[in-house]
Amino acid sequence: MTFIYTKIDREIPDEVRQWLEQEGKEQEERYQKIVAEMKALNPTRDQWYEEFFERLKKYGFNADGDQRVKIKEEELPVKPDGEHVVVY
Amino acid sequence: MSRPHIEPFCDRDVPFKNMTLPGFGSGFSYKMLSFDTEIGSCTMTVQLAGGYRQAPGFSYSELEFIVVEGNIQVGDKSCRKGHYFYVPAGYALPEISSEQGALLLMMYNTAEPSRVDSDEHHPQSRTELYHDVDSFGDIVWQPGNLVSPSVASGCMIKLLNFNPQTYAMTFLYCMTPDFHQDNISYHDCCEEGYHLWGTSWMMQFGDLPTGGYFWRPPYINHGAFASEFGCIAIGRTDSKLFNHFHYNPWSTPGQNELRSAARLAKRDPILYKWCVNNAHNHPHGPEDFEDTMARRGGGHTHADGTHHHHDHNGDHVHD
């Protein structure tokens, strides 16, 4: 998926190809750093999830705009086995 | 792969680099925020040094940009913080300069950054699509409930650009102080955001401060949401934004995608059956007769649904 709306094709010069290759490598490094940081946040995130569930029970889930629907304890999801990731 | 999931990222954490691509001159430095490894399209924070000048010229890529800090001069127009530009590929902008320097957010949508000196538009440019606006001064905030189900009150938007064919849009959004929304959201489209000012919080990723950025592929959970002191940001989607809300933080993108399809099957069962049974789900979608039907003027249709006739010898790209 892209934002494509208008584009004009051209031949890509070699110096531009090198720039593209370098940017691709640097982005891969940034991505891996983000993945590691988000993994390190797992214990804190688990706590945030529990606080979220408490608010759903007490104040409700924002179903549409400010319309809130209270969620019962038995309706809450069960945490699945395996590692939880948030960056894909 | 096109653009990977970049979230969260803060441009304040990395230094500027000098732009080495031809045509940009000295005094143009950037921080890469996200980058499409297939076509080179990208989003960058750009710093123009004081005294920077760029001759009139065009890009082979469609370009959007907004002034984040400082002032720039574009031809005879003085543009302050919040000024937004939508520039079709091949549209020749007049001279751009900045006396005191400026910070910009630049989004090259359809190819890598490029610039060719020219005071004439490229013959293939869709010049009629160009527009710019002082988004801070000349557009009012609207409630965020333009789509349903909607965000909670306190999240408002200003629409900057809209593609009537794909429903892709660019918009400013803000959260008022003490904004909070207790649900988890995902969309059927890519979503991008950059914080011009202020901090917001998302339950998966934590705080996103000034200079904070995300590029989020479809079907990825984000939220609950909150902002203690408020924020202003620029956001984009690459197709229709629909809020799929739920409260399972452990659902995966694959499960979310299936849920979207299941909801389509419930909502539009006849259309869903046609798509599935006829296997008409090829990448470019089924034929829209308005795009292909013979017209008396012999014209053709563009990605935004408009059609016209003109003569040229070069290639012409259709989506």
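Chain A brings 43 residues and chain B 61 residues to their contact, where two residues touch if their C-beta atoms, placed from the backbone, lie within 7 Å. This is a predicted model, so to speak of local features a pLDDT of at least 70 is needed, side-chain atom pairs count only at pLDDT 80 or more, and totals for chains, interfaces and linings use all residues. Residues are numbered from 1 along each chain as its sequence is written, while chains are lettered from A and ligands numbered from 1 in the order in which they are written.

- Chain A has two helices and two strands, in the order α-α-β-β from the N terminus; helices (H or I, at least four residues) and strands (E, at least two) are DSSP runs, numbered from the N terminus.
- With a radius of gyration of 22 Å, well over the 12 Å that the globule rule gives for 88 residues, chain A is more spread out than a compact globule. That radius is taken over C-alpha atoms, and the rule is 2.2 Å times the number of residues to the power 0.38.
- Along the principal axes, the C-alpha atoms of chain A fill a box of roughly 60 × 35 × 20 Å.
- On the side of chain A that touches chain B, α1 (14-40), α2 (42-58) and β1 (61-64) of chain A each supply at least two residues, and α1(A) gives the most, with 11 residues.
- That side of chain A splits into 25 nonpolar, seven polar and 11 charged residues. Here Ala, Val, Leu, Ile, Met, Phe, Trp, Tyr, Cys and Pro count as nonpolar, Asp, Glu, Lys and Arg as charged, and the others, Gly among them, as polar.

**Two domains in chain B**

- Chain B is assigned domain 1 (6-134) and domain 2 (142-269), with bounds from an automatic or database domain assignment.

**Strand β7 of chain B**

- Six of the eight residues of β7(B) (residues 63-70) are buried.
- β7(B) runs antiparallel to β10(B) (residues 83-87), with four bridges, and antiparallel to β12(B) (residues 102-108), with seven; pairing takes at least two DSSP bridges.
- I66(B) has Y84(B) as its bridge partner in β10(B), and E64(B) stands opposite M107(B) in β12(B).

**Nonpolar cores**

- The largest nonpolar core has 58 residues, with F65(B), I66(B), V67(B) and L104(B) among those with the most contacts inside it. A core is a set of buried Ala, Val, Leu, Ile, Met, Phe, Trp, Tyr and Cys residues joined through C-beta atoms within 7 Å.
- β12(B) gives the most to this core, six residues.
- Both domains of chain B give residues to this core, so it lies between them.
- A second, separate core of 14 residues includes F61(A), M202(B), F205(B) and Y247(B).

Terms used
A residue is buried if 20 or more other C-beta atoms lie within 10 Å of its own, exposed if 12 or fewer, and partly exposed in between; C-beta atoms are placed from the backbone.
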